[in-house]
There are 2 protein chains.
Amino acid sequence: MWQYIPPLQSIRFVIEEVLQAPAQWAGIPAFADLDADMAAQVVGEAGRFAAEVLQPTNGPGDLEGCRLEQGEVRVPAGYRGAYQAFVDGGWPALACDPEVGGQGLPQLLNAVLFEMLVSANHGWSMYPGLLHGAYETLKSHGSPELRERYLPKIVSGEWLAAMALTEPAAGSDLGLLRTRAEPQADGSLKVSGSKIFISGGEHDLTDNIVHLVLCRLPDAPAGSKGLSLALVPKVLPDGGRNAVVCDGLEKKMGIKGSATCQMRYEGATGWLIGEPHRGLAAMFLMMNAARLHVGLQGLGHLEMATQNAVRYAHERRQLRAPTRPDGVAAEGPDLIVHHPAMRRTLLRLQALTEGLRVVAYRAAQLIDEAEHHPDADRRREAQALAALLTPVVKAFCTQQGFDGASAALQVWGGYGYTHDCGIEQVVRDARIALIYEGTNEIQAIDLVQRKLLPDGGRAFERLLVQMAEVAEEAPPALRPWAEALTAQLQQARDGVAALRAAAVEDPEAPLRVADDVLAGIGHLMLAWAWCASARALLRLAVPEDDARWAPLRHAAQWLMADAAPFWQRVRQCRQPLGWVASD
Amino acid sequence: MWQYIPPLQSIRFVIEEVLQAPAQWAGIPAFADLDADMAAQVVGEAGRFAAEVLQPTNGPGDLEGCRLEQGEVRVPAGYRGAYQAFVDGGWPALACDPEVGGQGLPQLLNAVLFEMLVSANHGWSMYPGLLHGAYETLKSHGSPELRERYLPKIVSGEWLAAMALTEPAAGSDLGLLRTRAEPQADGSLKVSGSKIFISGGEHDLTDNIVHLVLCRLPDAPAGSKGLSLALVPKVLPDGGRNAVVCDGLEKKMGIKGSATCQMRYEGATGWLIGEPHRGLAAMFLMMNAARLHVGLQGLGHLEMATQNAVRYAHERRQLRAPTRPDGVAAEGPDLIVHHPAMRRTLLRLQALTEGLRVVAYRAAQLIDEAEHHPDADRRREAQALAALLTPVVKAFCTQQGFDGASAALQVWGGYGYTHDCGIEQVVRDARIALIYEGTNEIQAIDLVQRKLLPDGGRAFERLLVQMAEVAEEAPPALRPWAEALTAQLQQARDGVAALRAAAVEDPEAPLRVADDVLAGIGHLMLAWAWCASARALLRLAVPEDDARWAPLRHAAQWLMADAAPFWQRVRQCRQPLGWVASD
């Protein structure tokens with residue numbers, strides 16, 4: 001039966017043993033009161049909410065979708081109750097500053113929370129998904145008045161937030177935005193323009209919705225350097241309705257419970273956040289966290305797909321398997337989990353899930369260090385590493401999440417293609433994560449152009465050195481993982497060196513292979529994660545026949561070849577790339 | 001704008017120049033009257049039907065779906081009209097024997113027809129998709145009475161057919177089927193049982209539906225060797241309604257216009273087709289053609305996704321590209337088709353589409369040779385090659401079709417995720433083809449266990465020799481393609497030799513890497529197709545700046561690395577594969 005069982009053992013293992021986060025917390029004053037047990041308690045509670053309250057609303061919400069009735073959006077049945085329970089549980093405030101009513105817990109735990117929310121119900125998780133970003137933006141750039149009026153209600157979740165960036169002609173290219181903001185005598189703005197793809201732009205979960213709208217002031221320079229950010233509430237401070245209109249809902253492939261709104265601002269009242277023309281800078285502050293959260297969606301889907309496929313494969317019997325585990329009798333058709341084709345699919349999915357959890361949580365851990373470490377150098381270094389990892393986590397985890405969900409679907413055969421089974425919804429829901437918050441192609445360009453090539457590639461070298469330490473310290477029992485990691489480190493170093501050399505003469509070269517570089521580094525991070533996980537199991541003296549070894553062994557034996565084509569293309573980056581003819 | 005433009009130039013190029021089918025037809029008496037012009041005329045007409053009549057019903061049919069009302073299924077609006085036009089055009093009879101009212105054209109042209117139907121409307125194409133298989137089965141195994149009563153109406157398309165195999169507990173494992181058939185005194189059968197996933201089991205397109213039902217006679221041996229095939233019509237010869245009941249429709253991820261029925265046979269009247277207990281043999285006769293047709297679905301989706309993505313990329317402007325083609329001015333945002341990330345996506349999709357068209361059509365050409373060549377040795381050899389290629393075409397083309405549709409979706413960004421755009425439906429529709437007609441995992445097992453390893457691998461060696469000839473005959477200008485092909489031939493030969501050696505001691509070894517073998521041979525077939533296509537372009541003296549060279553050059557420069565991980569895993573087939581623990 002389709003269900004969500006929170007992967008508490010794996011999550012604790014990654015946090016406590018692989019990433020050794022409790023030791024990090026002890027060195028950061030903001031987290032000094034936090035220990036492994038308290039963190040485990042938070043994770044356990046989050047899992048209970050996700051599994052018991054949220055997951056049951058997922059399948060029905062997909063069928064019901066959202067409705068637009070006289071300008072008001074109705075979310076699917078059960079969404080309101082789940083959201084109220086989420087607010088009552090204090091979850092919106094998890095990683096917010098205690099000074100404004102938050103719980104002050106690390107981003108790492110917020111990452112765990114969102115992985116679980118997405119596993120349980122991606123569509124629903126879109127509504128609170130923007131809260132933390134709005135909080136960060138407002139906290140860092142809002143005027144004292146705006147902060148006082150809006151921050152506490154955002155932290156508590158009493159009001160939800162929406163990010164209004166995209167317009168019909170401006171998707172990846174925000175410089176083409178045309179929404180205008182006219183300053184008024186009282187210091188407010190009149191905001192006018194049309195936006196599309198606004199998640200949660202209108203809904204009935206909260207009484208008010210705080211829109212953060214990217215727009216242009218009258219004297220703005222052209223392009224992306226002329227964008228300003230305005231706070232435009234659905235309901236004005238005097239209780240009146242602002243001129244914020246939802247014109248339509250997109251009919252989408254998935255996340256049907258999430259209202260994707262076409263919005264019109266008709267001279268709506270708003271207030272500037274941050275400096276004029278510096279709207280992008282104000283929004284980019286929250287970009288690392290937001291993109292990490294999209295990467296976590298890939299992980300959440302992979303976890304959900306994998307655990308359900310493993311359970312189904314232990315229930316369904318078809319055909320005789322060539323061999324079966326010791327002690328299993330050969331009677332009638334075998335459980336499909338004993339068939340080699342299913343074992344390789346499931347072990348691969350488990351290895352990817354476990355590995356990507358380490359990778360994604362590592363990025364969250366770096367964000368915590370970048371924000372809270374007492375040492376400024378450590379903060380800077382962590383910030384550089386987090387910035388480097390963020391596009392990899394966003395793009396690589398979401399691609400693996402979608403591909404993995406589709407691979408898992410295959411385990412159910414024909415049943416997998418039907419809605420009742422559950423997995424086909426995961427495939428549809430997972431697909432959006434490759435697109436929004438910057439398409440995966442934009443992530444690859446960001447990685448290569450802004451993170452790898454500038455500054456002599458110091459952050460990348462630092463990353464390679466940190467990974468190499470894991471390989472070098474590995475005892476002989478870990479040779480399969482350490483050797484694979486070392487080989488991939490060399491491929492990565494050679495590949496990026498070739499890229500750097502080529503880029504000097506041929507500025508297009510890095511862009512020709514940007515997606516390959518990202519995929520190559522994604523596989524490298526997996527190789528590191530598997531090696532680090534194996535080291536942690538060994539340190540804990542986990543017996544060889546413990547189930548946790550199987551995916552790691554599978555990774556070392558069968559999955560390390562996957563990186564080769566990507567690095568081969570990177571090394572060939574001087575080769576020309578053709579033009580595409582029109583019909 | 002989303003539309004279907006039949007790829008007539010490419011189709012004619014593959015048929016006439018790459019596969020040189022007209023020369024083959026000249027040597028086969030059954031096709032002696034057919035020439036390239038006549039074939040082109042048929043293809044052109046088929047394209048017109050697909051583009052003008054069928055494609056407009058695709059998007060609306062996806063939203064509307066099928067309805068079950070008091071046991072009767074209503075197909076989406078427009079489907080009936082399109083089907084009537086299809087019958088009026090004589091398309092069901094295209095590749096049927098003239099003796100029973102068919103047009104006697106090659107399977108190759110039927111393959112072209114079905115590629116186009118699927119591009120235009122996969123859901124609709126499911127209804128006539130089973131006609132040819134039912135025709136083959138009935139023609140070869142039906143009694144004279146059954147043939148006389150049903151064959152002409154199936155050939156004309158006046159009545160449609162349904163294949164009733166799967167039951168809730170019996171999917172890949174047909175040996176578990178429980179539907180029973182009781183012989184009656186008048187020579188008929190009473191058929192009783194429940195079937196699921198029956199495409200077109202009930203609908204309102206035709207007055208009668210001819211069910212071919214896999215069932216068990218009372219004295220049947222257990223397992224798949226005890227299955228018989230019964231013809232069970234919806235409407236009996238006396239005009240009365242047979243006890244054939246549709247209990248429900250599946251709510252599916254895609255192909256929503258295709259009625260996927262839960263069927264109940266309640267002592268329904270039927271007649272045996274072929275020998276008792278030999279039902280599987282009767283059905284397997286049509287398996288090569290049916291599986292080829294599923295492979296063609298992957299090709300059809302890839303074509304549709306690619307051509308629309310290329311058009312959209314020539315309309316949409318976002319961001320500045322680093323370079324642009326000669327003569328294109330650098331003003332404002334560039335067409336996204338000039339951005340490297342889009343060029344690599346689109347050229348890759350074009351290369352895959354062109355290459356897989358050659359591969360799939362080659363399989364159809366071999367089936368024609370196997371059925372109609374005057375020389376018995378040639379028929380046998382073609383039959384062995386077709387049997388070898390069939391699982392590769394089925395699984396590899398469908399995987400590429402799904403992955404390619406998803407890759408194309410990315411070109412639209414957020415728009416791609418919405419129904420109005422068209423591409424998300426292609427992704428959803430394409431996903432089923434990896435499952436039905438034998439899952440892709442079952443295809444890989446069939447390839448390795450029944451086609452590669454038995455008989456000393458003679459068919460595979462013959463295939464390698466034929467491909468090697470293409471590489472050896474290539475002039476110097478074709479070195480990039482010929483060298484890549486030669487290298488992959490060596491990888492394939494080494495890989496399969498390692499597999500053969502391992503299988504002697506370790507029967508599980510081939511099953512551990514069956515999917516890798518299939519993917520490796522799929523890539524090898526692509527390398528051959530690209531080399532053969534380049535040779536044809538060179539022979540035609542197509543200028544270097546002609547658009548047809550660009551995807552082929554892209555393939556040689558950027559895509560040949562993809563095969564390596566698969567063969568690496570095949571060479572490592574002696575490595576153990578772990579067991580998957582339950583939760």
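Rings of Phe, Tyr and Trp (its six-membered ring) were taken to pair if their centres lie within 6.5 Å; planes under 30 degrees apart count as stacked, over 60 as edge-to-face and the rest as tilted. By this definition, the structure holds 23 aromatic pairs over all chains. This is a predicted model, in which local features need pLDDT of at least 70, side-chain atom pairs count only at pLDDT 80 or more, and totals for chains, interfaces and linings use all residues. Residues are numbered from 1 along each chain as its sequence is written, and side-chain values use heavy atoms, with hydrogens and water left out.

In one ring pair, the centres of Tyr150(A) and Trp159(A) are 5.7 Å apart; their planes meet at 50 degrees, so the pair is tilted. Tyr150(A) and Trp159(A) are both buried (under 20% relative accessible area; exposed is over 50% and partly exposed in between, with a 1.4 Å probe and protein chains only). The rings of Phe86(B) and Trp124(B) have centres 5.2 Å apart and planes at 85 degrees, so this pair is edge-to-face. Phe86(B) belongs to helix α5 (residues 79-88) of chain B and Trp124(B) to helix α6 (residues 107-129) of chain B, so the pair ties together parts 38 residues apart in sequence. Helices (H or I, at least four residues) and strands (E, at least two) are DSSP runs, numbered from the N terminus. Phe86(B) and Trp124(B) are both buried. In chain A, ring pairs join Phe49(A), Tyr83(A), Phe86(A) and Trp124(A) into a cluster.

Charges also sit over rings (NZ of Lys or CZ of Arg within 6 Å of the ring centre and within 35 degrees of the ring normal). The charged end of Arg149(A) lies over the ring of Trp271(A), 5.0 Å from its centre. Arg343(B) places its charged end over the ring of Trp579(A), 3.8 Å from the ring centre.

Helix α7 (residues 131-141) of chain A is mostly covered, with 8 of its 11 residues buried. Among them are His132(A), Tyr135(A) and Glu136(A).

Glu202(B) is found in the loop between β5 (189-199) and β6 (209-215) of chain B. Its relative accessible area is 3%, so Glu202(B) is buried.

Note on methods
Chains lettered and ligands numbered in written order.
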